[in-house]
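These notebook entries record what I looked up in one structure.

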Amino acid sequence: MFTISLCMIVKNEECIIERCLDSVQHLVDEINIIDTGSTDRTKDIVRNYTSRIFDFTWCDDFAKARNFSFQQATKDFILWLDADDVITTEHQQKFLQLKQSLFYPNVDAVSMDYYLTLDADGCVESSEKRFRLVKRERNFQWRGAVHEYLDIAGQLYHSDIAVTHLPRKSDIHRNINIYERLKKEGHPFSARETFHYSNELKIQQRFLEAINQYNIFLDSTKGTNDENIQACLNLADCYQQLHDAKQATQAILQSLLYDRPRPETCCRIGHFFMEQMKNREAIYWYSQALQQPIEQTMAVHKHAYSTWLPHLQLSLLYNRLRLFENAYQHNEVARKFRPKDQRILDNRKHLLSQLKK
């Protein structure tokens, strides 16, 4: 069995740090906490779990902080988490099984699902894969001042373990401020940095600037297929905010240039036809959303577009065509995913009344 060092960077996390450490302390053999300037009780709380607390002077660079945290590790593997992450009881058991069964000399990094957002019922709305557990001797490095990534290679293992993100309210200006400082200093943005800078501009509702940056990113032809597709869909969102439906539609269609249609793209095209009352065309595209395989990539997976949403829309479309049995069947599948969704429940009531006639 291999040993694990937990490495975390934290600042003013007194409200949530116990929740995180309680969920992971029995899974790891060492806890390293890198504090970047807490002024609350974070350090006092952490001392109940470990004496390995290190100070790091914050310099607006997440990669430098994470690389410093990795340098403190002494065990076979490094697990990294943020203070607003937890590992649920179910996935703690999976983690222990992995620790006991993985033939670690042949593995350099282990990916885990990251549940980014949950709905009101605790169901996963969006997730992505991240390499959470890495072999220390490989000395993998973090890159990027913000939206940092771990530069890994070698023998990779994809697990079914999940880490759940349970965020508190965060500073929505932090990331854009770092990017704009870098820009002011003349830092040349990589394609990846341009993509994430575009996303931050979109979050700030600076839509014209975001559109310009997304186009610079796409014109560079240096993005991954996943990034290119997401950039197109985000472009569409920006154009919709500016009430430019034509450009929004063109941006959605542009995403088809990079790879097979993703469920989100199919649903957006389906919505386009649905609004025009072109029901058969809309049915085709929503059906395509359900038929697309879920790629095992590191991209964000928005679960709605491959589960309940296309089924609900298909139900509404078949209802328009007075094909009530088909409509009911799709609504029932949607209800399995969203049992408390009022739209689905109201639609079910309507369809049952139609089927009784």
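**Entry 1: Ile229 and its surroundings**

I looked up the contacts of Ile229 and, leaving aside neighbours within four places in sequence, found Ser255, Tyr258, Asp259, Arg262 and Thr265. Contact here means heavy atoms within 4.5 Å. Ile229 sits in helix H8; helices (H or I, at least four residues) and strands (E, at least two) are DSSP runs, numbered from the N terminus. With a relative accessibility of 5%, Ile229 counts as buried. I noted the classes: buried is under 20% relative accessible area, exposed is over 50%, and partly exposed lies in between (1.4 Å probe, protein chains only). I also checked Ala251, 22 residues from Ile229 along the chain, and the two C-alpha atoms are separated by 9.4 Å.

**Entry 2: Basis of the values**

I record that this is a predicted model, in which local features need pLDDT of at least 70 and side-chain atom pairs count only at pLDDT 80 or more, while totals for chains, interfaces and linings use all residues. Residues are numbered from 1 along each chain as its sequence is written, and side-chain values use heavy atoms, with hydrogens and water left out.

**Entry 3: The whole chain**

I counted 14 helices and 11 strands in the protein. The C-alpha trace spans about 70 × 50 × 40 Å along its principal axes. Of the 357 residues, 50% count as buried. Among contacts with a separation of 6 or more, 65% come from residues 24 or more positions apart.

**Entry 4: Nonpolar cores**

I took a nonpolar core to be a set of buried Ala, Val, Leu, Ile, Met, Phe, Trp, Tyr and Cys residues joined through side-chain atoms within 4.5 Å. In soluble globular proteins, nonpolar side chains tend to be buried together. Which members of the largest core touch the most other members? They are Tyr214, Leu235 and Tyr286, in a core of 55 residues. Helix H8 (residues 225-241) gives the most to this core, with 8 residues. Apart from this core lies another, of 33 residues, including Ile17, Phe77, Ile87 and Leu116.

I then listed the contacts of Tyr214, not counting residues up to four places away in sequence: Phe195, Ser198, Asn199, Lys202, Ala231, Asn234, Leu235 and Cys238.

**Entry 5: The annotated span**

I found that UniProt lists residues 5-98 as "domain: Glycosyltransferase 2-like" in an unreviewed entry. UniProt positions are given in the numbering used here, feature names are shortened, and annotations may be inferred rather than shown by experiment. In the model, residues 5-98 are 35% helix and 22% strand, and the end C-alpha atoms lie 15 Å apart.

**Entry 6: Phe54**

I located Phe54 in strand E3; at 21% relative accessibility, Phe54 counts as partly exposed. Not counting residues up to four places away in sequence, Phe54 touches Asn32, Ile33, Ile34, Asp35, Phe68 and Gln72.

**Entry 7: Positive phi values**

I looked at Asp60, where phi is near 60°, a positive value in a residue other than glycine. Asp60 lies in the loop between strand E3 (53-55) and helix H3 (62-71), and is partly exposed, with a relative accessible area of 25%. Met277, also not a glycine, has a positive phi of about 65°. Met277 lies in the loop between helix H10 (263-275) and helix H11 (279-291), and counts as exposed at 51% relative accessibility.
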